[in-house]
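Biologist: I have a new model to go through. Can you walk me through it?

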Amino acid sequence: MQSSNNSEEFYTKLKSQLYETSSWPTAYLFKFIIPSEQHKIDKIESVFDNLGAVINSTVSKKGNYVSISIHVVMKNPEAVVDKYKQISSDVEGVISL
């Protein structure tokens, strides 16, 4: 598991890269892989409620995992990083891509 210092470095770098590569606001694609547990899927979907997000999910071949893709317009890189932080703290076992 990453230490919080490494996590903060990662998010700082991500924010910088997002500023350099996109004009804001912009459509952003979030991708997550989680264990196939409905309450975890619901938690992720609830983070994007009322944002006009288009959410697609795909169950793995054996049914153990779910891939969730979320297309949503974000106002700036800080908002993107905030969503990643919220998901990682609220949903155990999530992998952010």
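Biologist: Which residue in strand 4 does Phe 32 stand opposite?

Modeller: Phe 32 stands opposite Ser 96. Before we go on, this is a predicted model, where local features need pLDDT of at least 70, side-chain atom pairs count only at pLDDT 80 or more, and totals for chains, interfaces and linings use all residues. Residues are numbered from 1 along each chain as its sequence is written, and side-chain values use heavy atoms, with hydrogens and water left out.

Biologist: OK. How many helices and strands are there?

Modeller: Three helices and four strands. Both are DSSP runs numbered from the N terminus: helices are H or I with at least four residues, strands are E with at least two. Along the sequence the pattern is α-β-α-β-β-α-β.

Biologist: In what order do the strands sit in the sheet?

Modeller: The order is 2-3-1-4, in an open sheet with antiparallel pairing. Strand 2 (54-59) and strand 4 (95-96) are the edges, each pairing on one side only. Two strands pair if DSSP finds at least two bridges between them.

Biologist: How many bridges join strand 1 and strand 3?

Modeller: Ten, in the antiparallel sense. Lys 31 stands opposite Ser 69 of strand 3 there. Strand 2 and strand 3 pair over six bridges, and Val 54 has His 71 as its bridge partner.

Biologist: And strand 1 with strand 4?

Modeller: Strand 1 (residues 26-35) pairs with strand 4 over two bridges, again antiparallel. Helix 2 (residues 38-47) packs on the sheet and touches strand 1, strand 2 and strand 3 (65-74). Its direction makes about 165 degrees with that of strand 1.

Biologist: How do you get such an angle?

Modeller: Axes are lines fitted to C-alpha atoms, for helices over the stretch in contact, and angles run from 0 to 180 degrees between N-to-C directions. Contact means heavy atoms within 4.5 Å.

Biologist: Which strands does helix 3 lie across?

Modeller: Strand 1, strand 3 and strand 4. Helix 3 runs at about 10 degrees to strand 1.

Biologist: What span should helix 3 have?

Modeller: Its 14 residues, at 1.5 Å a residue, should span 20 Å. The end C-alpha atoms are 20 Å apart, which agrees. The expected span is 1.5 Å times one less than the number of residues.

Biologist: Which residues of helix 3 are buried?

Modeller: Pro 77, Ala 79, Val 80, Val 81, Lys 83, Tyr 84 and Ile 87. Buried means under 20% relative accessible area, exposed over 50%, and partly exposed in between (1.4 Å probe, protein chains only).

Biologist: Why does Ser 88 count as partly exposed?

Modeller: Because its relative accessible area is 38%. Ser 88 is in helix 3 (residues 77-90). Leaving aside neighbours within four places in sequence, Ser 88 is in contact with Tyr 11 and Val 94.

Biologist: What does its side chain reach?

Modeller: The backbone oxygen of Lys 85, at 3.1 Å. That is a polar contact: a pair of N or O atoms within 3.5 Å, where, within protein, one must be able to donate a hydrogen and the other to accept it, and residues adjacent in sequence count only if both atoms are side-chain atoms.

Biologist: Where does Lys 85 sit?

Modeller: In helix 3 too. Lys 85 is partly exposed, at 30% relative accessibility. Not counting residues up to four places away in sequence, Lys 85 touches Glu 8 and Tyr 11.

Biologist: Now the loops. Which residues does the cis peptide bond join?

Modeller: Trp 24 and Pro 25, with omega about 0 degrees. Pro 25 lies in the loop between helix 1 (4-21) and strand 1.

Biologist: What about Asn 50: buried or exposed?

Modeller: Exposed, with a relative accessible area of 82%. Asn 50 is in the loop between helix 2 and strand 2. Its phi is near 65 degrees, a positive value in a residue other than glycine.
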